[in-house]
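Good morning, colleagues. Please take a moment to look at the sequence and the structure on the screen.

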Amino acid sequence: MKTAILLSIYHANDAFLREQLESIGAQTVSSVLLKRDDSETHLGAMHSFERLLTEADNFDYYAFADQDDVWKPQKMEELLSAMQQAEKTYGTQMPLVVHCDLEVVDSELKPIAPSFWQYSGLNPDMLDNNLPFLTISNTVTGCAMLLNAAARRVSLPFGKNAYMHDQWIAQSVLYAGGKVIPVHQSLVLYRQHGANTLGAVEYKGMRLRDLKEKHRLFWQAYRAGKGRCWHTLSAFVYWKTRHIIARL
């Protein structure tokens, strides 16, 4: 079984990148590292990862690495174990994603929160089995996911409404009848340093001052699921309401 780790780099902080590469090198299982520097092409994180995933066509499993995180040594071993157990249950032709929790840390790797899921108010046991819910509130973080070759096949090419590779792949897997499976361990140090493409945002419930951001996320989720989860705004509002009630 061959595993590819796909690393997209964009004007990387040398110290952060070195720590990430060292943590990948310290993994307890071996993988092939494929790197791409987007500093000249400016595709953006999502499409840079899409190109890497498209070109890496002869692997059994795929993981994504950001340039500024740190992986715990057992990260890949735990995800591969979860993936292989899922393939025993569902078969290798079933599109599958497994993904772990993350420990939120600051720029110096000092702890902020032991669980990204709890910090962000995410419940993967509820969201991962429901395509509309997962589209509205994505639980799958790129640097914490592992997908099999069948999931790669149903995810490429990325659709015009995709806004990040992790959400698009997880959505595509569920849309194709596959499975998204959470691993309840924090296996990544998710570094927050102010220049993250997407970062950890603490969930504080409904607050009036957050309405502008929630308005943006409302339309982002609507576009992301249009054609797959809903075809009209009223259908989206129905699922959005169900999602809000389920989180109460």
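This is a predicted model: local features need pLDDT of at least 70, side-chain atom pairs count only at pLDDT 80 or more; totals for chains, interfaces and linings use all residues.

Let me begin with strand S5, which covers residues 96–105. Is this strand enclosed or open to the outside? Ten of its ten residues are buried, so S5 is largely enclosed by the rest of the structure.

Which strands pair with S5? Strand S8, residues 179–191, runs parallel to S5 and is joined to it by nine bridges. Within that pairing, Cys100 is placed opposite Val183 of S8.

Strand S7, residues 145–148, also pairs with S5, here in the antiparallel sense and over three bridges. In this case Val98 faces Leu146 of S7, the two standing opposite each other.

Val105 stands opposite Pro111 in S6. S5 and S6 form a hairpin with five residues between the strands, and in this hairpin Leu109 adopts a positive phi near 70 degrees.

Which residues make the nonpolar patch of about 360 Å²? The patch is made by Ile244, Ile245 and Leu248. Of these, Ile245 lies in helix H10, which spans residues 233–247. Its relative accessible area is 55%, and the limit for exposed is over 50%, so Ile245 counts as exposed.

Thank you for your attention.

How values were computed. Residues are numbered from 1 along each chain as its sequence is written. Side-chain values use heavy atoms; hydrogens and water are left out. Patches are made of residues with over 30% relative accessible area and no salt bridge: like charges are joined within 9 Å, nonpolar side chains (Val, Leu, Ile, Met, Phe, Trp, Tyr) within 5 Å. Accessible areas come from the Shrake-Rupley method with a 1.4 Å probe; for residues, only the protein chains shown count as cover. A salt bridge is a side-chain nitrogen of Lys or Arg within 4 Å of a carboxyl oxygen of Asp or Glu. Helices (H or I, at least four residues) and strands (E, at least two) are DSSP runs, numbered from the N terminus. Buried means under 20% relative accessible area, exposed over 50%, partly exposed in between (1.4 Å probe, protein chains only). Two strands pair if DSSP finds at least two bridges between them.
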